[in-house]
Amino acid sequence: MIETIYIARHGFRLNWINTNWKSPTGLPRDPPLAAYGEVQAQELAAYFLAIPEENRPTIILSSPYYRCLQTSKPTSQALEVPIYVEHGLSEWYSPVAPGTGLHPRPSSAAVMQTYFSEIDPSWSSIWYPTRRGEEVEALHERANGVLDLLVPEIERRFGDKHKNILLVSHAATVIVLCRALLAQPDLPLRVGCCSISEFSRKSGASGVLGSWEAKALVSGSHLKEGASRDWGLEDIQIANGKVVSDTGVPGTQEEEEDNCGPQIHRSSL
């Protein structure tokens with residue numbers, strides 16, 4: 001069984017300091033890391049390399065966005081473990097304004113492997129977020145659903161091969177993943193870049209949600225300058241009790257959304 005889950009946020013983004021950034025993949029809203037973020041990713045790898053081997057993650061599941069894969073790469077190389085692309089760990093977008101199109105969706109693992117050779121494309125994502133965006137309640141539901149399927153699916157596919165896993169994601173998604181593992185949906189958290197949370201399975205616990213205890217929560221102690229650019233759900237813009245809508249990607253107004261939600265079901269595990 002999986003005994004430890006590590007969760008990390010991606011490193012510092014280039015678009016925060018450079019308005020003329022270009023997406024390496026051509027995907028809108030998919031900035032790479034700044035040089036500082038790349039240093040943070042190296043520090044993340046150094047942290048995992050420094051802990052006892054039996055505690056290190058043996059599998060990395062990453063959001064398909066470039067900055068998360070870029071963050072995962074040094075750890076993958078240092079520990080010689082594969083990266084699996086999991087769309088269920090993707091960025092959170094607020095609901096799209098009517099008539100403005102859809103949010104972006106990154107390419108498949110096979111395509112992203114052309115950018116990151118550490119990716120093993122044999123993993124099939126168990127969840128695809130809606131491209132129409134999510135209210136905060138729906139984001140929590142996604143995190144609950146992803147974890148409830150992910151943990152048993154890893155155990156089913158790999159047996160007892162992976163006792164420690166690392167998830168690499170985005171601030172909002174990291175927050176709701178942490179809340180789901182602890183079954184504390186209102187837990188206040190602010191997540192800095194390349195911060196680490198560590199969860200251990202409770203003795204005798206069954207199921208996934210609420211079956212873990214936190215050994216560390218959004219810690220930046222492994223980073224020379226600490227976890228920078230922290231973000232919390234309280235930073236979301238709210239109007240009339242709802243999340244302020246966002247615009248979709250120009251040119252997607254005529255596209256139809258397909259293939260969102262869970263891709264497997266508990267009955268198949």
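Colleague: What makes Leu61, Trp123, Ile126 and Leu167 contacts of Leu150?

Modeller: In this predicted model, each of them has heavy atoms within 4.5 Å of Leu150, which means contact. Neighbours of Leu150 within four places in sequence are left aside.

Colleague: Why is the set around Ile5, Ile7, Leu61, Ile126, Leu150, Leu167 and Leu181 called a nonpolar core?

Modeller: A nonpolar core takes buried residues such as Leu and Ile, joined through side-chain atoms within 4.5 Å. The largest such core has 42 residues, and the seven you name have the most contacts inside it. Elements giving two or more residues to this core include strand S1 (4-9), helix H4 (136-158) and strand S5 (164-169). H5 gives the most, with ten residues.

Colleague: Which residues belong to another core, apart from it?

Modeller: That core has 20 residues, among them Phe48, Leu79, Ala109 and Val168.

Colleague: How do you know that the chain is as compact as a globular protein of that length?

Modeller: The chain has five helices and ten strands. Its radius of gyration is 18 Å and the globule rule gives 18 Å for 269 residues, so the chain is as compact as a globular protein of that length. The C-alpha trace spans about 50 × 45 × 35 Å along its principal axes.

Colleague: What share of the residues is buried?

Modeller: With buried taken as under 20% relative accessible area, the share is 54% of the 269 residues.

Colleague: What share of the contacts with a separation of 6 or more joins residues 24 or more positions apart?

Modeller: Such residues account for 77% of those contacts.

How values were computed: Residues are numbered from 1 along each chain as its sequence is written. This is a predicted model: local features need pLDDT of at least 70, side-chain atom pairs count only at pLDDT 80 or more; totals for chains, interfaces and linings use all residues. Side-chain values use heavy atoms; hydrogens and water are left out. Helices (H or I, at least four residues) and strands (E, at least two) are DSSP runs, numbered from the N terminus. The radius of gyration is taken over C-alpha atoms; the globule rule is 2.2 Å times the number of residues to the power 0.38. Buried means under 20% relative accessible area, exposed over 50%, partly exposed in between (1.4 Å probe, protein chains only).
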